[in-house]
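Morning, everyone. Let me put one model on the screen and walk you through a residue and then a sheet.

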Amino acid sequence: MSTAAPLKFQNTLTRQLEEFKPLVPGQASLYTCGPTVYNYAHIGNFRAYIFEDLLRRVLQLNGYKVNQVMNLTDVDDKTIRDSQKAGLSLNDFTAIYKKAFFEDLKALHIEPAEHYPAATDYIPQMITMIETLLTKGHAYLADDKCVYYKISAFPEYGKLAKIDMANQRSGTRISTDEYEKESVADFALWKAWDAKDGEVKWDSPWGLGRPGWHIECSAMSHAILGPHFDMHTGGIDNMFPHHEDEIAQSEACHGCKYVNTWLHCAHLQVNNTKMSKSLGNFFTVRQLLDAGFTGAEIRYALISTHYRMSLNFLIDPETKNSESLLQARSAIQRFQNFLGRLHDLGKDGAPSAEAAKVSDEAELAFQNALNDDMNISGALAAVFDFVRDANRLLDAGTLSKERAVATMKVFNSILGVIQFEVKNEFPAEALALLEERAAVRKAKDFKRSDEIRDALKAMGFVVEDSASGAKLKKI
Ligand code: AMP
Ligand code: ZN
């Protein structure tokens, strides 16, 4: 079998398609910005987490051992604000959404990361980094209690978001975690405690306070993956200021390149508009599950658009009827119908050389598409072509069941939406009657055979006789 094309990604840092060259052969270190646990994550957030799951699975398909970190932001402006509104301690409040997040990951068949560090467990590491930045002249103390990053001391600032720093005023400061490109400014590394923060405070060399959001990811990635690692990802909104600030902090602190490859996914929109609570088009995974869709359907709808293309999720906000999820349902149904046919095929037919070729070529086309910056449309085309060709060979009685199932398993190692265990949909009592029917027919007891047929009908099943034996079917 031919070997797959080299694995390539579009690196946001260079804006180039580049071959993946890991720092340690055979291994891939990956930092993925995780949720701010102040609410249930919405389907836009899950577009990002599913793109990252696709990435880890594509790395694994290429034989890499993945070491993935996904942080949990459990202290920042938003978690503090909303825990106070809820009248709960920060810990009790964020615990609710941490638990919900892991439930949702499971529902969407997202493979667990190797590490889920929570920001509040890494405050000492953040303080150490801030101290180093102060010592090296990359940070300064303001009003004797807040520490800011000094952008002018890092000439490469803006290299990820491509900001022309020549036109920026230096020395302006910003204390909120989120801001626009137009307001590039020295950002907060350590925020002094004020009454608004309530019980949320840690001791530091600069008095009581808490870290800024950006230093959290720099400190956690360093603690787990070291100063220089392979890949870092997030949604496109994370590129600026969050990732730009992470680069500035980490490179100034450790004196080496921070990350080789940056990947960002485009946003998910709902019915062509930005998702927002006020527009009533804001959906969480659990709302869609409650509306009767499955985790696999949501996963398929989120994974099947290329990660750098905007994804327009179609849903009726009133009825929750979703064209996107119905399309996903019908795609998954095609896979399941094919597997159902394979399952019914008691034993292998006479596998042909053509059957082996169809499998080999489909697996190669699938991987080649994914290796080209995760071209999911090309990969799905390979899957559908395979299902069509394999169905044809199945009709001709020349498909190897074992080989075809193995190919579907390769596809599913990436897609994560196919069920391989065919669940027994018939009650034991009905199956026992079916067995008895076969015996009495052999003994030519047609009276009893008719009684059994009627009993099964009363249970809601008809018997269909075929070359491979009698089968039950729901009426
Ligand atoms: P947050 O909890 O806001 O920090 O976001 C967590 C992740 O979800 C980040 O990687 C964001 O970039 C990503 N994200 C937020 N909104 C969307 C959206 N509408 N579409 C895709 N990704 C998003
Ligand atoms: Zn982050």
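Start with D245, in helix α6, residues 239–254. Helices here are DSSP runs of H or I, at least four residues, and strands are runs of E, at least two, numbered from the N terminus. This is a predicted model: local features need pLDDT of at least 70, side-chain atom pairs count only at pLDDT 80 or more, and totals for chains, interfaces and linings use all residues. Residues are numbered from 1 along each chain as its sequence is written, chains are lettered from A and ligands numbered from 1 in the order written, and side-chain values use heavy atoms, without hydrogens and water.

Is D245 buried or exposed? D245 is buried, meaning under 20% relative accessible area with a 1.4 Å probe, protein chains only.

What does D245 have, then? A polar contact of 2.6 Å to the side chain of Y179. That term means an N or O pair within 3.5 Å, one able to donate a hydrogen and the other to accept it; residues adjacent in sequence count only if both atoms are side-chain atoms.

Now the sheet. Four strands run β4-β3-β10-β11, open, with parallel pairing. Pairing takes at least two DSSP bridges. β4 and β11 are the edges, each with a single partner, so one side of each lacks a neighbour in the sheet.

Last, α6 packs on this sheet, touching β10 and β11. Touching means heavy atoms within 4.5 Å.

Definitions and conventions
Buried < 20%, exposed > 50% of the residue type's maximum accessible area, 1.4 Å probe, protein only. Lys, Arg positive; Asp, Glu negative; His and termini not counted. Salt bridge = Lys/Arg side-chain N within 4 Å of Asp/Glu carboxyl O. Axes fitted to C-alpha atoms, helices over the stretch in contact; angles between N-to-C directions.
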